[in-house]
Amino acid sequence: MRDRRSIAVLTGPSGITSDQIGTLLGLYRFPQFTFGPFDHALSDHNKFPALYQMAPQDTSITMAMVSLLLHFSWNWVGLLTSQDENGSWFLAELKEEMAKNRLCLAYEVVISSQSMSHIFKVMAVYNEINKASASVLIIYGDKDSLIVIIMSLERILIQGKVCVMNSEWDFTMKTRYFMLGSLHVPLIFIHHHEDVSGFIDFVKAINPSKYPEDFFLAWLWFLTFNCSHAESDCVTWDNCAQDASLDWLPGHIFDMTMSGHSYNIYNSVYAVAQALHEMLLHQTEIQMMGNSKGALPSPAQCSLCRIFKNYQFVLALVFAIEEINKNPYLLYNLTLGVDIYDVEFRAWTIFKNPFIWLFGEYKIPNYSCMRDRRSIAVLTGPSGITSDQIGTLLGLYRFPQFTFGPFDHALSDHNKFPALYQMVPQDTSITTAMVSLLLHFSWSWVGLLTSQDENGSWFLAELKEEMAKNRLCLAYEVVISSQSMSHIFKVMAVYNEINKASASVLIIYGDKDSLIFIIMSLERILIQGKVCVMNSEWDFTMKTRYFMLGSLHVPLIFIHHHEDVSGFIDFVKAVNPSKYPEDFFLAWLWFLTFNCSHAESDCVTWDNCAHEASLKWLPGHIFDMTMSGHSYNIYNAVYAVAQALHEMLLHQTEVHMMGNSKGALPSPAQLHLFLNNNQFYNPAENHIIWDEKRKLEPEYDILNIWNFPEGLELAVKIGKFSPYALHGNQLSLSEDMVEWAIGTTETPYSICSESCGPGFRKSPQEEKATCCFDCTPCPENEIANGTDMEHCVKCPDHQYANTQRNQCLLKTASFLAFEDPLGIALACMALCFSILTVVVLGVFVKHKDSAIVKANNRTLSYILLISLIFCFLCSLLFLGHPNPVTCILQQMTFGILFTVAVSTVLAKTVTVVLAFKATSPGRMMRWLLVSGAPNFIIPICTLIQVMLCALWMGTSPPFIDTDAHTEHGHIIILCNKGSLTAFYCVLGYLSSLALASFTVAFLARNLPDTFNEAKFLTFSMLVFCSVWLTFLPVYHSAKGKVMVAVEVFSILASGAGLLGCIFAPKCYIIFLMPNKNSLHGFRDKRHCRRNMHAYD
């Protein structure tokens, strides 16, 4: 069909019909409209990409039915629905809506239309439905989903029920639908629509004479109005009533008002008409078609775009030849010409044209029919397949062949193609350019689609290597073979992976030849929402042929950079059929574009064309006036041949190889020597080098396709990549010129995992690419001050990590200072205990002659009190900023002073024991007591401790140390003990003295004497030992300032224990019971006791 064909399909009302037809129509993206009820199964746009449902979804049907139930106070109802997507959706929505309004389902029957076995299910619940207390039954479904059950159970009546149902039931078919004839009250919900003006009048005017081609209308008229003779069944409209009309039929047979389905059909037709109208307006605006006949929109329009674009190759070829022929310094005695042939991809006929230009006759190879005119070189492309197949033949004859298509690794085999020269440089830096773009936009997670050939394999290896260097990852890679249609299924298998992958960037590398079969077969499978980074081989005006190109989110294209060729645009502007009358294609282009024929004839009459008509009138997406990359390669190829031919002719002249006055033409095979050594500057000042090893790396322009408004298809240069620039400046990009998705200004993201900010490090995910990771907070005292850091950096000892773990801060010096609350408390305690001890000493000095002071060896008491004063004061050495002197004095004063105190207690205890033992026979004890032997205990014990301390100070004395780990953000300055062994020796010696004192005092606690202080000494040593036994575990578990505080507190507690336990009872007697503080009082008391015993 040339002038008439379908533009859309209308199906329905059956959802099954629309489903089955839609599967086929979707493959061809043929618009399909359904006028039946809304079907959830048909709303899957992946399965039905070209289907449009005219009926709106029943989003409020459940709310409407529940409102009706509430109105009549029906809160106990049954439900009958179909077992499909529609029924499941309705059941879930109805339950939710009823639960909100506290209504209940008495029962629910879900029926499948796929199996007759469900009839038995209905029969099983028949009693439940018919005898249930719920008198309201909600029915949701259509004829398709419930017809099998209904027809089979036609005579099983569900009686006496108020049925609330949707609009899919036809109550005129009572003999087919069992339940509908026996319903008590049917209440039906149908979609509301306005009346369409003129429809009833249109229906009234319909008759077979008006629409003679409508055989169904004729049949209806024949059956309804008895329009035939009695003898014959032939229809004779004259026998009908002249005014017969469809409005004569009863309403239950034919309804004159527009039904819901008819209204959907009405809207469908208008939807198609509106869309077609907009499309034709759009085509008129962009001047895609110039045919006065108004050809229908079709894929052929884009084929014209492709043909027009490719015609620029011919113009570039002619432009270069004319430019060379006008150059007096190049080929001064020769004129270049050109023959243009098409290539037929059919068996051996692909070689037909090559034989013609080689020999003049394709039927007699190896015999040339051309004497004075023949080809010197062949230019093929842009298809690599064409160049490959023709190159095999040309290589046999060493006939120079130039390809202007993309660089093909398969064609670079000089053994297979010894006469072939590729004009395009190899894409040695294409992967670097693409990766630079990915890095610029921080796209680290991308997909890849490439062809399964040498080009694709090379690109895949290069891309992986370059991405690995820059820590970028491939989310997936799809390698497609153009040799086997079975790879279509592979693409379909990974379709969901591509379309639903988190990677929003897709790199496409290939050409039309390598991927065209797959693309044409999967034209309607859209890869949507992807930023596609691709090479230059794609033509975005061919949207009807390349499925993905019409649906790309943002296309970013790398093309080879080249300088503008002066004069080319002016040359193209001046081209017209009058200038080149032999160019039949140009005449055809003019005919199609500028309406150059009369209305009665298709013969071209140039006088009827606008005289100033020019190719510049065509839109840029149909014909681009600027020289394309392929055209630039053709231009260079012509100049390469001309330069080599020029050099060869000069050489022949010099060596006098040509003596024929006719000037015999050079052989094409001779051209290779001059081509291989040839390098030149073209008129655009570009350096052309043939040697593959010496060829310059190509620079790339980056294009973005602007498609707003829709159909603009304008390629805009947004940047450039130059491998010759300094590293880091190779990519220049105008990001504000990139057109992202319509209505979006933000750069798309394409990452597997969100970047780990400062304070976090990357933690790889198991069995996933390196770009997929979790963000783990940095450990204590480690930081990450950058983004996506692999490892956290530990802060130096004098610094600490802040709470955000992104910066190291200087630690502040910390020690147990006098200004600290704890330091103030301990200093006050030390001073208070010291003052209290001084007061006690004063009391003892004042009452030195009292019995209790004298009885307990006041000299030893004075020594003990004085040593306790200094014990309390020595704790102050532990407070304040440590220095070498205080660190040494802390331990020495502590050890020696407490040794004096404890040895004094030991001397007092021994004195008590000797005092009682002196009364027994023997002179030894008395002598020890009288000679003052206990007093020597103090200097002897003290001397031993002094020797231990001297040994400690001489071997490993205490020193200033720092603790940078205990307290966050602080460096604790403290005194290191130096030698823990020496410290514990001093402490152990002190403990042994205390234990000896405790043992002796404990044994002497029950000796009879009024002033016996053995009990108090025992208790004081018990307190002393308890304090220092508790000190050991606490001291080891404490850190920093707390450790110092524990030691100070132990000194104060043990000193206070000695002071309180020994001297508190004596002060009590001195101040509160003075009568006991005299020998006289003691004797009077004992005398009274004796008298009382005598009296008794």
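**Packing of helix α23 in a predicted model**

Helices α23 and α25 run roughly antiparallel to each other (angle over 145 degrees), because their axes cross at roughly 165 degrees. The model is predicted, with local features needing pLDDT of at least 70 and side-chain atom pairs counting only at pLDDT 80 or more, whereas totals for chains, interfaces and linings use all residues. Residues are numbered from 1 along each chain as its sequence is written, and side-chain values use heavy atoms, without hydrogens and water.

**View 1. α23 against α25.** The axes of α23 and helix α25 (residues 858-874) come within 8 Å; axes are lines fitted to C-alpha atoms, for helices over the stretch in contact, with angles from 0 to 180 degrees between N-to-C directions. The crossing is left-handed (the near helix is turned anticlockwise from the far one by less than a right angle). Contact (heavy atoms within 4.5 Å) involves residues including L831, S834 and L841 of α23 and Y862, L865 and F872 of α25. By class, the α23–α25 contact has 15 nonpolar, three polar and no charged residues.

**View 2. α23 against α31.** Helix α23 (residues 821-846) and helix α31 (residues 1041-1072) have axes that come within 10 Å and cross at roughly 30 degrees. This makes α23 roughly parallel to α31 (angle under 35 degrees). The crossing of α23 with α31 is left-handed. Among the contact residues are L822, M829 and V843 of α23, and F1049, K1066 and I1070 of α31. The contact of α23 with α31 comprises 19 nonpolar, one polar and one charged residues; Ala, Val, Leu, Ile, Met, Phe, Trp, Tyr, Cys and Pro count as nonpolar, Asp, Glu, Lys and Arg as charged, and the others, Gly among them, as polar.

Terms used
Helices (H or I, at least four residues) and strands (E, at least two) are DSSP runs, numbered from the N terminus. Angles under 35 degrees count as roughly parallel, over 145 as roughly antiparallel, 65 to 115 as roughly perpendicular and the rest as oblique.
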